[in-house]
Amino acid sequence: MKKGFVISWYYPPGNSSEGLVTFKLLKNSKYQYDVWTRADQQQSMWDRKSDESKLTAENVGVIKGECDDAKKWVEEGVKYFLEHRDEYAFIMSRSMPAECHELAIKIKEKIPDVKWIASFGDPLVDTPYINDITMGGQDNPFKMVHYLAKEDLSFLRASRVFVSPTRLARKYVWRKDKQIGSEIERYFEYVNLTTLVEADVVIYNNIYQFEHAFSRTGLKKYQSKGVVLEHSYDPGLYPKKKTKKNSKITFVYVGHLDHNRNVHTLLEALSEMKKRDPELSKKVEFVFYGHMDDSDKVFILDYDLVDLVKINKDITYLESLNVIKDADWAILVDANFTSIVDDCIYLPAKLMDYMGARTNVFSISHVKGAGSDIIREVGGGKVVTHSADDIYLYLSKIIYQKYRPKPYDENEAKKYSSVEVSKRLDGVIGKVLKDKK
Amino acid sequence: MKVLSLVIPMYNTELYVERCLDSVLYDDSIVKLLDVIIVDDGSSDKSLEVVKRYEDQYPGSITVIKKENGGHGSAVNRGIAAAKGKYVRILDSDDWVNIDDFGEYVNRLSKEEADVVVTNVRKQLLYDNGTDDFVFCSKKSSVKKIETVADKVMEDMFFFEFSMHSMTVKTEVLRSVWGEGLLEKTFYVDQQFVAKVFMCAKNYVVYDLLVYMYFIGRPEQSMGAGFFVHIQDHERVLKWLLKTTNDSELPDYYKTIVSRQVELMLMTHYKAYAEQPKLSKAKIEEIKRFDSFLRKNYQKYYAASKVSGLARQILSPVRRSKPVKATQCFRKARR
C-alpha cells in the first residue's frame with residue numbers, strides 16, 4: 001500500500017502544538033505516512049520542552065530535512081519527494097508555517113496529477129494575528145529589562161525567574177528573520193490562493209475558519225473543496241489516575257502566551273479579589289507553564305500576586321497531560337480581537353487536551369467562536385469574556401460557592417477523540433484516492 | 001413584600017443571560033428580597049430554555065413571561081405591569097450586576113423612602129479592552145428634591161447619572177405616570193424611560209455603590225454604524241418627548257430637563273444624517289419632513305438646539321460630495 005507524504009515543519013519530538021495535532025491525527029489513522037519535517041528539533045518560541053522519542057507511531061515514519069533555513073527545507077523536500085514519488089499515493093501539507101504549503105505547491109508544479117490534501121492550522125490571509133505580525137507587533141523584548149533596571153538589584157535578582165533572556169533574544173531574532181512587513185503578507189496571499197486553487201481538499205479545524213477562508217478572501221467558488229476536521233485528544237496518552245495532593249483549587253495554563261493572547265484581565269480580576277480577600281492564596285492557585293507576556297509578568301509583580309500566580313518552566317507534552325489531569329480547572333485564553341472580528345476563528349489545540357483529561361475548562365474568549373461553541377456543546381467548562389468583572393464573577397463563584405459547570409457529555413466529548421477524528425480523515429483520504437482512479 | 005423588582009427584557013441573549021442571572025442570584029441572603037421578572041420578547045434562540053431552568057430553581061423569586069416580539073419597550077412595559085417589589089429597576093439581559101455591592105444595595109433599598117435611587121455604572125468596553133466608570137457619588141448623600149436636578153442639567157454627566165442603567169424607581173410612583181408605557185418596536189426608549197421618571201419622582205438619593213455592569217461588545221448591539229439604521233425610531237422618541245413639553249400639567253423643572261434631553265437628541269439626530277457619505281432621496285425627504293415639522297411646531301427647540309446650520313448643509317441642493325463634518329458645524333453654530 002502506498003503511503004502519504006506529510007509535509008509538517010513541526011512534528012514530535014519537537015513539541016509545538018501544530019506538530020502534536022498532526023501526530024495525534026496520523027497515529028490513529030489507518031494509512032501509512034512519512035512525515036517530512038525539520039532535522040533540528042531545537043525549540044522555537046512556539047515549542048514546549050521536547051518529549052524525546054516517546055511520541056512515536058508505528059504507521060508514521062519521520063524524514064528530517066534541513067532545519068535552519070525554511071526555504072532550503074522546502075527545496076530539499078521537493079527533491080526528496082521527486083526521488084521517491086513512487087512510494088506515495090498522496091501528499092498532505094500542514095501549516096503553520098506557510099512553507100509547508102509552498103513545498104506542496106512546488107511538488108504540484110512538477111507533478112500536476114499528484115493528489116494533494118492541504119490542512120490549515122490557521123488561515124493565512126486577513127486574519128487578526130497575521131495583521132498584527134505584518135504591522136510589526138507591539139511587543140518590545142526589552143520592555144521588561146527596562147522596567148527592572150529602574151528597580152533595585154535585589155528585586156532584579158528575585159525577578160530572574162520571570163525573565164528568560166534567551167527566550168527574549170530568540171524572539172527578537174525570529175522577528176528579524178521573518179522580515180516582518182508587506183513582503184511576508186504578499187507571500188501569505190500567494191501561498192493561500194495557490195493552495196486553495198490547486199489542492200484537492202482543503203482542511204480547516206473549525207467552521208469559522210472555513211467561512212473566513214472562503215468568504216472573506218472572495219474565494220467562495222472553491223468552497224466545495226473545504227472540509228472541517230477539528231483538533232483531537234488522544235485518550236491513550238493520559239495518566240490513569242489523578243495524583244493531586246494539594247487541597248487548594250488549582251487552575252493551570254499550559255502553553256504560549258504573548259501580547260495578543262494574554263491573561264491581563266484574569267490578573268486584574270485576581271488583584272481585585274485579593275484586595276477583598278487577603279487570604280485568597282490559601283484557597284486557590286494559578287500555575288502557568290510556558291511563555292507569558294512581559295506586561296503580565298510586570299503586573300504580577302506590581303500587584304503582588306506572586307503568592308497566587310506561579311510561572312513554571314516549560315514541561316513536555318506528556319508531563320502537561322499529567323498536570324492538566326491533576327488540575328481542578330484548566331485555563332484557555334484566546335486573544336481579544338473583538339474590535340476586528342465578532343467571533344473567535346481560532347481553535348486552540350489545548351482545548352482538546354483539556355477535554356481529553358475531562359478537566360473543567362475556564363475559557364476567556366469571545367462569546368461566540370470555535371472553542372466557545374465546543375465548550376457549550378460538550379460541557380465541562382465556562383466561557384467568560386475578556387472583561388475583568390466577568391472573570392471576577394465566575395472566579396468568585398468557583399472559589400467561594402463551589403461552582404461546577406455542566407458536566408461533560410461523554411458522547412459529545414468522544415467526537416473529539418483522535419480515534420474519531422482520524423476516522424474522518426481516513427474518509428477524506430479514501431475519497432481523494434478513489435477520485436484518482 | 002419584595003424589595004426590588006428587576007425587570008429583565010430579553011431577546012436572543014442565550015449566551016449572556018446566564019451571567020446576568022448568576023450575578024443577581026449570587027448572594028443567597030438577598031434572593032428572597034428579589035422579584036426577578038424576565039420578559040422574553042419572542043426570542044428565536046435558546047434564551048427561554050436557559051431562563052426556565054432558573055425559574056424552576058428559584059420559584060418564589062423568578063418569573064418568566066413569554067410574549068411575541070414587540071421590542072425592548074414592550075418587554076419593559078410587561079415587566080413593569082407585573083412588578084411586585086417596592087422598587088423597580090431595568091436590567092438588560094446582556095448586562096449584569098456587581099456582586100460586591102448588589103447585596104448592600106438591596107438591603108439599603110429595603111429601608112429607603114426616596115422615589116429614585118441612583119447608583120454607579122461601569123461600562124464594559126470590550127472593544128477597547130477596558131472599562132469606563134460612571135461614579136455619581138463618592139460619599140454618603142442625603143435625599144434631595146428632584147426639582148433640584150434641573151440646576152445641574154447642563155452638566156456633562158447629567159444623562160449618565162439619570163439613565164435607565166443608573167436609576168431605581170419606586171414602583172407605585174412610576175406606575176402613576178406609566179400610562180401606555182414605552183413605545184413598542186422602537187429603539188432608544190431608554191430616553192423615554194428617563195423622561196417618565198422625571199414626570200413622577202419627587203425626590204432622589206445617590207448611593208456610592210457600583211451596581212450596574214453595562215456590557216458593550218455584543219455584535220448585535222445597535223451601536224455605532226447601527227444607529228442610522230434605526231434613525232426612524234430615534235425620530236419617534238424625539239417626537240414623543242417634544243409632545244410632553246406641551247403638557248401644561250407637567251412641572252417646569254421637567255420641561256427644563258427634557259428640553260436639554262431634546263436638544264442633545266436633536267444634535268445626534270441631525271449629525272447622523274450629516275455624517276452619511278451619501279443620502280438616498282427617501283432619506284433626504286425623511287429629514288426634510290422632520291426639519292419642517294420641527295421648525296413649524298417647535299421653533300424654540302430648533303433655534304436652541306443649534307441644528308439649523310447643519311440642516312441647511314444636509315438639505316442644500318448642491319450637497320458636498322464629502323460628508324458634512326458635524327462637529328465643525330456645531331462649533332460654527334455656537335459661535
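**Exercise 1.** In which sense do β1(B) and strand β2 of chain B pair, and over how many bridges?

*Solution.* Start with the ground rules: this is a predicted model, where local features need pLDDT of at least 70, side-chain atom pairs count only at pLDDT 80 or more, and totals for chains, interfaces and linings use all residues. Residues are numbered from 1 along each chain as its sequence is written, chains are lettered from A and ligands numbered from 1 in written order, and side-chain values use heavy atoms, without hydrogens and water.

Strands here are DSSP E runs of at least two residues, helices H or I runs of at least four, both numbered from the N terminus; two strands pair if DSSP finds at least two bridges between them. β1(B) (residues 4-10) and β2(B) (residues 34-41) run parallel over seven bridges. Within that pairing, Val7(B) sits opposite Ile37(B). Now look at β4(B) (residues 87-90): four bridges tie it to β1(B), again parallel, and there Val7(B) has Ile90(B) as its bridge partner.

**Exercise 2.** Work out how covered β1(B) is.

*Solution.* Take buried as under 20% relative accessible area (1.4 Å probe, protein chains only). Seven of the seven residues in β1(B) pass. Leu4(B), Leu6(B), Ile8(B) and Met10(B) point one way, while Ser5(B), Val7(B) and Pro9(B) point the other.

**Exercise 3.** Find the salt bridges between chain B and chain A.

*Solution.* Look for a side-chain nitrogen of Lys or Arg within 4 Å of a carboxyl oxygen of Asp or Glu. That rule gives four across the interface. One to check is Arg19(B) with Asp390(A), whose closest N and O atoms are 2.7 Å apart.

Methods
Buried < 20%, exposed > 50% of the residue type's maximum accessible area, 1.4 Å probe, protein only.
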